[in-house]
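Keep the structure open beside you as you read.

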Amino acid sequence: MNQPKRKLLQSIVAMAIVTGFAAVPAFAQDKPIKIGVTGGPHAQIFEQVKKVAEKDGLKIQVIEFSDYVQPNAALAAGDLDGNSYQHKPYLDQQVKDRNYKLVDVAYTVNFPIGIYSKKVKSLKDLKEGARFGMPNDPTNGGRVLLLLQDQGLIKLRPEAGLKATPLDVIDNPKKIKFVEVDAAQLPRTLDDLDAAGINTNFALSAGLNPGKDAIAREGAKSPYVNILVVRDADKGKPWVAKLVKAYHSDEVRNYIQNEFKGSVLASW
């Protein structure tokens with residue numbers, strides 16, 4: 001091979017090598033990853049995740065929401081990169097109802113739902129016709145009804161499953177009147193109700209202590225473990241792996257155990 005052809009071949013090979021490496025760029029971040037959370041424990045925990053992630057080169061912007069609907073809507077619209085506030089039954093229902101292209105990529109924490117009251121010390125003390133508050137979304141509402149059934153206050157149609165509604169109640173000896181309210185607003189309604197089923201994150205935000213103030217709570221084994229969610233198109237991206245690694249770090253686990261004293265359980 002003559003000299004000009006040899007040089008041309010070397011140039012082509014060199015270009016191919018450069019092009020090949022360019023096709024698989026190293027992880028680089030131009031702007032912070034936006035993660036939606038609800039106020040209270042989810043927000044507090046993610047501030048710790050943010051600190052751990054920054055050590056690994058991942059910058060996070062934590063954005064708080066006051067309800068359960070907007071974080072998924074914002075993620076689906078591209079206004080967020082991920083969210084951390086919901087359990088899988090809720091996500092599954094949202095995906096079914098709204099056709100969101102969202103997926104869970106990791107377990108996060110478990111918040112055993114509790115029943116609270118300012119009028120009675122025990123569920124057996126509820127009077128006939130008591131007004132009982134419950135979340136107005138299908139999954140959390142069903143969750144509260146299942147807890148009431150476990151406590152012996154009502155009986156549900158066997159086929160109702162996790163998405164039971166007040167219409168599925170087939171036995172109600174105390175003639176409890178169910179008042180469906182946005183989950184975030186339930187702590188504010190306690191003065192006007194005889195009791196209410198409240199998610200732990202909203203109970204904590206309202207100054208309630210799940211370990212002391214709840215007159216009944218879910219058991220430790222629950223299908224309602226919370227999850228980290230991203231768009232389906234993003235699930236394989238490097239920043240997602242870094243995010244999960246940060247959340248599942250020993251630093252975050254220790255923070256959860258020390259800060260919430262068993263009210264919030266690390267689920268990995």
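## The largest cavity

The largest cavity is lined by His42, Tyr68, Tyr85, Gln86, His87, Tyr90, Phe111, Asn140, Arg143, Asn199, Asn201 and Asn226. Two elements, β3 (82–87) and α5 (138–150), each give two or more residues to this lining, and β3 gives the most, with 3 residues. Helices (H or I, at least four residues) and strands (E, at least two) are DSSP runs numbered from the N terminus. By type, the lining residues divide into 4 nonpolar, 7 polar and 1 charged; here Ala, Val, Leu, Ile, Met, Phe, Trp, Tyr, Cys and Pro count as nonpolar, Asp, Glu, Lys and Arg as charged, and the others, Gly among them, as polar.

The space in the largest cavity is about 90 Å³, and a search of the whole structure finds 1 cavity of 30 Å³ or more. A cavity is a set of points, on a 1 Å grid over the protein atoms alone, where a 1.4 Å probe fits but cannot get out; lining residues have an atom within 4 Å of a point. Grid points are joined across faces, edges and corners, and the volume is the space filled by probe spheres set on the points.

## How to read the model

This is a predicted model, in which local features need pLDDT of at least 70 and side-chain atom pairs count only at pLDDT 80 or more, while totals for chains, interfaces and linings use all residues. Residues are numbered from 1 along each chain as its sequence is written, and side-chain values use heavy atoms, with hydrogens and water left out.

## A five-stranded sheet

An open sheet of 5 strands runs in the order β9-β6-β10-β5-β11, with mixed pairing. At its edges stand β9 (177–181) and β11 (216–217), each with a single partner strand, so one side of each has no neighbour in the sheet. Two strands pair if DSSP finds at least two bridges between them. Strands β5 (residues 114–116) and β10 (residues 195–198) pair in the antiparallel sense over 3 bridges, with Tyr116 opposite Ala196 in β10.

## Individual residues

Which strand holds Thr108? Thr108 lies in β4 (residues 102–110), and at 1% relative accessibility Thr108 counts as buried. Buried means under 20% relative accessible area, exposed over 50%, and partly exposed in between (1.4 Å probe, protein chains only).

Asn99, in the loop between α4 (88–98) and β4, counts as exposed at 53% relative accessibility. Asn99 has a positive phi of about 60° although it is not a glycine.

Terms used. 1 Å grid on protein atoms, 1.4 Å probe; cavity = no way out; pocket = protein on both sides within 12 Å on 5 of 7 lines; lining within 4 Å.
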